[in-house]
2 protein chains.
Amino acid sequence: VDPRRGRNLRISELSRSSGVPVPTIKYYLREGLLPSGTPMARNQADYGEDHHHRLRLIRVLMEVGGLGVASVRRVVEAIGNERLPIHQVLGVAHHALGPPLDTGPVPEDVALARSEVDGFLADLGWKVSEEAPARRPLADALVALRRLGLGYDVDAFRPYANLADELAGWEFGQVRAGTSRADAVESAIVGTVVFEAALTALRRLAQEHHSATRFGRGRILGAG
Amino acid sequence: VDPRRGRNLRISELSRSSGVPVPTIKYYLREGLLPSGTPMARNQADYGEDHHHRLRLIRVLMEVGGLGVASVRRVVEAIGNERLPIHQVLGVAHHALGPPLDTGPVPEDVALARSEVDGFLADLGWKVSEEAPARRPLADALVALRRLGLGYDVDAFRPYANLADELAGWEFGQVRAGTSRADAVESAIVGTVVFEAALTALRRLAQEHHSATRFGRGRILGAG
């Protein structure tokens with residue numbers, strides 16, 4: 001018996017304790033995001049702490065990660081599949097978060113940027129699958145810089161890559177030995193989704209701080 | 001005479017050279033995202049390099065930054081207002097990128113997290129306005145961690161804050177003395193939007209790399 005299953009809740013209590021409306025919970029049950037409760041008398045079911053926890057995770061994936069129902073289903077199925085190695089669960093999460101696959105032909109400058117990004121990652125020596133969805137937005141960023149006439153080379157990303165490498169190394173180093181599979185999987189996904197949102201917010205705040213320090217007090221640079 | 005206005009283009013040529021369809025260009029003109037061309041004979045207008053460049057910027061703000069028409073209009077108006085200090089142009093861009101303002105009452109745990117984030121930023125000594133939109137997603141990230149029962153303190157963000165501070169310091173240090181106002185403004189906005197997308201992509205790729213190194217080869221941790 002899983003100790004987290006200690007307390008049993010009716011669906012109305014699950015709704016109250018989680019803040020998620022009953023019709024939404026029923027929708028998640030129908031869509032397979034949430035496992036069924038234990039059947040009880042008179043067409044009712046009981047829900048445990050696992051359901052409560054899963055509901056929270058669903059909301060974080062949707063609200064912080066911006067995932068849709070189909071993507072959340074893929075992530076929770078991967079988490080629930082005990083035979084799937086942790087590394088692959090993270091891959092499923094990345095695919096769910098990543099931009100959708102190409103639907104049409106790829107413009108020439110995009111194709112060129114993608115092959116440059118592939119070469120850049122190979123040069124860094126990173127173990128990254130060829131289908132990793134994050135390769136595409138990185139190439140798109142390079143294309144954007146070039147279309148703006150800023151003439152950047154893919155090497156402009158190197159300081160950011162070094163920093164991301166340092167950060168991910170530190171983050172994975174935080175996973176203690178002996179951590180259960182469930183906890184390791186969850187902290188990897190939460191790390192991706194929640195700390196990514198936090199890092200983005202902190203970067204903008206740090207930019208405001210440095211902009212205030214450098215350009216503050218109404219100083220106008222040049223005349224251009 | 002602005003040297004960038006050298007070449008004159010009909011709207012059809014502007015469309016061809018930018019890859020943006022004529023009806024879309026007309027829409028941007030009507031919505032005030034793009035300044036009018038120079039009026040010519042027979043109900044036509046000519047467009048210059050400025051228009052070409054502005055079109056590229058609009059597309060980057062929309063496609064990479066995910067901005068809508070109203071937000072792009074605010075950003076380009078801020079760029080075009082020569083009396084607006086650079087620091088405030090960046091503020092306008094951050095407001096355009098940031099999450100929309102609260103529409104309803106704020107839950108208790110969110111209000112608590114926001115005041116903790118305010119204290120955290122004050123403690124860091126960052127010069128950040130009280131209305132900075134990025135304060136809210138940072139508080140939301142803290143709320144998400146807590147709702148998942150992970151019991152994090154706002155200090156969990158400190159390593160990310162230090163890294164963001166280091167990065168922004170380096171980025172603003174790249175702006176050379178004597179840079180024109182137009183170029184400084186644009187590089188600040190591009191830095192926010194494009195390099196943010198690149199950093200997010202690189203972080204996911206670095207996570208995949210470290211996950212492969214740590215959890216790869218199908219190794220399953222614990223029994224969880």
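Which residue of chain B forms a salt bridge with A:Glu196? The partner is B:Arg204, and the closest N and O atoms of the pair are 2.7 Å apart. A salt bridge here is a side-chain nitrogen of Lys or Arg within 4 Å of a carboxyl oxygen of Asp or Glu.

This is a predicted model, in which local features need pLDDT of at least 70 and side-chain atom pairs count only at pLDDT 80 or more, while totals for chains, interfaces and linings use all residues. Residues are numbered from 1 along each chain as its sequence is written, chains are lettered from A in the order in which they are written, and side-chain values use heavy atoms, with hydrogens and water left out.

The interface of chain A and chain B comes next. The two chains bury about 8,500 Å² between them, 71% of it on carbon and sulfur atoms; buried area is the accessible area (1.4 Å probe) that two parts lose on being put together, summed over both. Chain A gives 86 residues to the contact and chain B gives 86 residues, where contact means heavy atoms within 4.5 Å. Across this interface the rule finds 4 salt bridges.

Within chain A, helix H4 (residues 69–80) packs against helix H9 (residues 181–215): their axes come within 10 Å and cross at roughly 150 degrees. Axes are lines fitted to C-alpha atoms, for helices over the stretch in contact, and angles run from 0 to 180 degrees between N-to-C directions. Helices are DSSP runs (H or I, at least four residues) and strands likewise (E, at least two), numbered from the N terminus. The crossing makes H4(A) roughly antiparallel to H9(A), a term for angles over 145 degrees. H4(A) makes the contact through A:Val75, A:Ala78 and A:Ile79, and H9(A) through A:Arg181, A:Val185 and A:Ile189.

Over all chains, a search of the whole structure finds 22 salt bridges. One of them joins B:Asp46 to B:Arg10, with the closest N and O atoms 3.0 Å apart. B:Asp46 lies in strand E2 (residues 44–46) of chain B and B:Arg10 in the segment before helix H1 (11–18) of chain B, so the pair ties together parts 36 residues apart in sequence.

Methods. Angles under 35 degrees count as roughly parallel, over 145 as roughly antiparallel, 65 to 115 as roughly perpendicular and the rest as oblique.
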